[in-house]
Amino acid sequence: MSTAERIAHSKITKKFRTSSGQLLFARGSGGEVWDVNGAAYVDFVMGYGPVVLGHAVPEFDETVKEYLANGVMMPGYSTFHQEYLDRLLDQRPGDRGAFFKTASEAVTAAFRLAAMETGRLGVIRSGYVGWHDSQIANSLKWHEPLHSPLRGKLRYTDAMRGVGPDEPALNWVDLRIESLKALVDEHRDVLGCFVFDAYLASFTTPEVLREAVELCRSAGLLTVFDETKTGGRISPLGYAQDNAIPADLIVIGKALGNGMPISVLVGNTELLTHAENARLSGTFSKEMVTAYAALATRDILERPIGDSADGWAELGRIGTRIAEVMTYAAKDAGVADAVWAQPVLGGGMFELVYADDVLGDKERRSALLEAFAGAGILLLEGHPSFVSLAHRDLDWDKFSDQVAGAFRSWTNGSGR
Ligand SMILES: Cc1ncc(COP(=O)(O)O)c(C=O)c1O
């Protein structure tokens, strides 16, 4: 089949391959996906986070289908958007939300609100906050551990607009308060916004993050918690809400619509009033399919499931178990001194952890990913992997054998 050759990939979408070549996918069901050749894979990529219930989950599909009888786009916003925000923001009575498709859009909107509010265009970033120019220009491998030799090298240094002396995009790299203070002190006159990827909360503590937000706010910056990976996955709104971190704005995305593209920028009424003058919307901001998907996703996640009080707690339990099984399988395969797995922020995500001698070795790390694909498991490395409610039905014995098999083939091959 020649279809793959027509697709312009970024490196991200090219990651999934086995020794027989690039994978092209045909369908998914529950926690699994199939490639065009009919090979099945346990999927922990989950579209890089959005698929939180599972693929083609019948209840979700049926609910969305029923909603579709109302149409997909009105002249303006619909009662479904309103209902979704009422449910999403029930713990934040004074807040409003602005709808977008992608989180990059919502973060761009946050940058614009910050510039309108402060009159200053510069930003301090910590973490991957999107692919638009000012979000990605001169950024790091943010998901690498703080001590990884791969973390620091600047990437995306060419062909980017919206960065320069009057509108710097600065990186808070080491998550030390002293370094943040130094950045703020040096560039205070041009800085309007601080944005933090909540995944990096797993590298530090809520106390440090509370201090960081207070420091930036007292220097007149608008503070944004980017909960794109975490909101709707570790809990309904994510880390800042759960840990009482007083960020001015919250961005959520990915997991809200079980794979349908929806993102929301949340903040108080006064700030979100700027949305009118700032022109924070486009043609598709008001479409209804993603509001239907977000309502249907919430209906399922709000319910108790198994021994868990709700779907978010159950996701945490599932991811924690996956990490345990993987760590045990690493011991079984004799590679536990090189690699293991750990749950991230409660377990709605998990990640591979490498010993120092593997951490800086890109080739061995890519070989591990390929060994997993060869054993029928797709996951991420150098990035957290994602679980869905459907993974509660994993055949755990088979999964454990697959993981041990992947580790063995990695250690027996050139990978180690
Ligand atoms: C924390 C964070 N912010 C923003 C984005 C950008 O989201 P999108 O790809 O929906 O534009 C991502 C995507 O991975 C993310 O993880």
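Modeller: A cavity here is a set of points on a 1 Å grid over the protein atoms alone where a 1.4 Å probe fits but cannot get out, and its lining residues have an atom within 4 Å of a point. This is a predicted model, where local features need pLDDT of at least 70 and side-chain atom pairs 80 or more, while totals for chains, interfaces and linings use all residues. Residues are numbered from 1 along each chain as its sequence is written, and side-chain values use heavy atoms, without hydrogens or water.

Biologist: OK, what volume does the largest cavity have?

Modeller: The largest cavity has about 60 Å³, a volume being the space filled by probe spheres set on grid points joined across faces, edges and corners. The count comes to 1 cavity of 30 Å³ or more.

Biologist: Which element gives the most to its lining?

Modeller: That is α10 (289-301), which gives 4 residues; helices are DSSP runs of H or I with at least four residues, strands runs of E with at least two, numbered from the N terminus. α3 also supplies at least two, and the lining residues include Y84, L88, A294 and W312.

Biologist: Switching topic, where does V72 lie?

Modeller: V72 lies in the loop between α2 (58-67) and α3 (79-88).

Biologist: And why does V72 count as partly exposed?

Modeller: Because its relative accessibility is 41%, and partly exposed lies between buried, under 20%, and exposed, over 50%, with a 1.4 Å probe and protein chains only.

How values were computed:
On a 1 Å grid over the protein atoms alone, a cavity is a set of points where a 1.4 Å probe fits but cannot get out, and a pocket is an open set with protein on both sides within 12 Å along at least five of seven lines; lining residues have an atom within 4 Å of a point.
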